[in-house]
Amino acid sequence: MVDVEYAILKAMRVNYQNKIRCMWKNSVFLFSILFVLFGMAEEARAADHYVRTGATGSANGNDWTNAYADLPQTLVRGDVYYIADGTYQDRLFGTALNGTKTITIKKAIASDHGAAADWQAQYGDGQANFGNLEFSTGYWVFDGQTGGGPGSWNSGFGFRLNHTSEHGVVLGNNADNVTMRHVEVIGNLTDGVQGFRLTGADNFTLSYYSMNQIGNCPFFLVPVSNFVAEYGYVGKFSGSGANHSEIASIWGGVTGSMTFRYNVFTSVTSTGGIMWDNNNDHNARLNVYGNVFANLPSSGVWDNGANGLIGGWTGGNGEDFYNAKIYNNSFINTSGRIFTDFITRSGDNVAANNLFYNSSAPGYADIQTHNYNHYINSGGSQGEANGTSSSGGDPFVDYVNLNFALKAATAAGQTLGSPYTLDALGITRGADGTWDRGAFEFGSEGLSDTVAPIITQVAAIQSITRDNTPNYTFSSTEAGVISYVGDCSVTNISAANANNAITLNALKRGTHSDCSIKVTDAANNQSASLSIPPFTITFRSDLNLDRSVNVSDFGLLNTYYGTGNSAGDINLDGKVDMIDFGIMRTEYGGTM
């Protein structure tokens with residue numbers, strides 16, 4: 001049988017040699033193809049690296065035993081760095097760009113800690129602490145993986161930033177396309193020290209965060225384009241006559257959109273809240289929706305008598321306040337000015353579907369359109385055609401303990417389009433026939449929700465596959481966060497109330513039989529575990545999926561040669577050519 005296989009291979013080799021001679025006459029790319037055939041390495045694949053305080057191995061970052069003791073100064077574009085519990089140095093992230101390849105830095109947790117087999121649970125049951133962070137290049141993801149949002153506004157964060165004499169997070173010019181999530185920022189009320197300082201960085205998203213004891217503005221955005229802060233909590237920050245500050249200072253050439261959604265703001269001081277100046281571009285939009293502004297017993301400082309909670313500056317130096325969309329926010333015990341009402345130049349500003357409870361009557365001098373708002377002991381309906389009001393009655397489930405859901409439906413608010421259609425718990429506004437007013441849709445009591453999502457398989461992974469990043473599809477009865485057990489993981493951990501098609505991160509060749517997933521909803525209810533049926537990742541050249549690369553695979557590849565048939569396209573470049581033969585030549589004889 002060996003002699004027969006040898007004879008067949010020899011004949012095929014002659015056939016391939018003839019094809020090469022033909023290509024010599026017809027293609028200027030022969031040299032590169034021959035290079036591939038005789039030893040060109042396969043493209044580098046994204047890799048996992050490991051960082052652990054106190055690691056005593058070889059410090060090459062290849063596994064948890066030999067982890068880096070701290071993040072290297074230069075990181076690899078496209079790779080993932082898992083960080084164990086511990087304390088790490090201040091960091092300047094300045095690795096040069098490589099196209100759009102993103103560097104991902106993750107807190108290692110039980111359900112996602114990389115593929116290294118020497119993981120130990122104690123590496124991921126606490127926090128990873130940093131000081132100040134600065135980004136001078138773009139395309140980064142900094143993900144603490146746990147903590148923040150409804151139900152855990154101030155707890156459970158995987159990453160914590162402790163900053164004193166420097167701004168907590170700084171993004172300079174060209175630090176575009178950065179995402180941070182599940183991070184806690186703690187200052188010491190040092191004058192002038194900001195939480196997030198962006199000066200020329202575009203496309204920044206901050207999710208599931210908390211900031212407390214900030215010495216100046218939690219957000220200083222001068223200038224920026226396309227900024228999102230969501231599912232966050234802002235507590236005490238410092239300001240004075242000599243040290244002006246506000247929740248967000250936004251000016252200096254903004255473009256695109258600035259979005260604050262699904263946040264809880266519990267402290268306001270000095271200048272005020274979200275201050276907006278788009279004098280250079282009146283089409284730039286300020287979106288403020290689904291937030292809670294609450295003067296709580298735990299707030300620490302509340303003094304918004306200056307410019308208010310949402311607005312801008314006087315306009316004497318050229319400041320303008322245009323195109324602010326203020327929808328479905330809840331204002332609780334907010335004494336003092338709510339909307340700035342002394343701006344020199346303003347226009348196209350709208351406030352609708354907001355709920356005011358035990359608050360000052362808002363002034364609308366610089367809000368050109370307002371309607372469908374609800375006022376409880378907050379100065380009456382302000383002459384709105386569809387405004388409603390009452391003299392008392394607490395409408396919230398338990399706002400003192402940060403549950404801002406409604407006890408009962410409100411009068412119907414104004415139906416709006418995307419992106420305003422969901423509340424912070426992912427509940428579709430108006431799905432029950434009434435679009436409620438305030439930050440949370442009635443029926444999204446959420447934190448008293450005890451019903452766990454139900455997840456079921458829709459499409460399994462093929463039992464034997466050449467794809468080392470296979471697709472898996474499951475359905476969930478609720479939106480939530482996906483967690484994983486075993487050696488399977490994905491980058492996108494969000495699940496929708498629908499079918500969810502997920503792509504697993506790159507896996508090693510072999511059989512994977514310990515993969516399972518769960519979904520946790522916004523009320524921290526976790527589904528039962530859904531096991532992913534076992535599957536085997538075979539060689540890329542194993543065209544007949546018999547777990548080996550042999551003569552039969554060469555025969556199939558010969559059949560597909562010169563076509564775009566995906567069954568023979570080993571390197572997934574859309575064609576079957578000599579590069580595929582080169583890969584098969586390297587893998588020939590492999591048996592699992």
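Contact here means heavy atoms within 4.5 Å, and helices (H or I, at least four residues) and strands (E, at least two) are DSSP runs numbered from the N terminus. Everything below comes from a predicted model, where local features need pLDDT of at least 70, side-chain atom pairs count only at pLDDT 80 or more, and totals for chains, interfaces and linings use all residues. Numbering starts from 1 along each chain as its sequence is written, and side-chain values use heavy atoms, with hydrogens and water left out.

**View A. Helix α3 meets helix α4.** From α3 (residues 551-560) come Asp 553, Phe 554, Leu 557 and Asn 558; α4 (residues 578-587) answers with Asp 580, Phe 581, Met 584 and Arg 585. That contact splits into four nonpolar, one polar and three charged residues (Ala, Val, Leu, Ile, Met, Phe, Trp, Tyr, Cys and Pro count as nonpolar, Asp, Glu, Lys and Arg as charged, and the others, Gly among them, as polar).

**View B. Strand β9 sits between two pairing partners, β6 and β11.** Strands pair if DSSP finds at least two bridges between them. Three bridges tie β6 (residues 128-130) to β9, in parallel, and four link β9 to β11 (residues 178-186), also parallel. Arg 160 of β9 partners Asn 129 and, in β11, Glu 184.

**View C. Side chains alternate along β9 (residues 159-162).** Phe 159 and Leu 161 point to one face and are buried (under 20% relative accessible area; exposed is over 50%, partly exposed in between; 1.4 Å probe, protein chains only).

**View D. Asn 287 lies in strand β20 (residues 285-289).** Asn 287 is buried, at 6% relative accessible area. Leaving aside neighbours within four places in sequence, its contacts include Phe 260, Lys 325 and Tyr 420.

Technical notes: Axes are lines fitted to C-alpha atoms, for helices over the stretch in contact, and angles run from 0 to 180 degrees between N-to-C directions.
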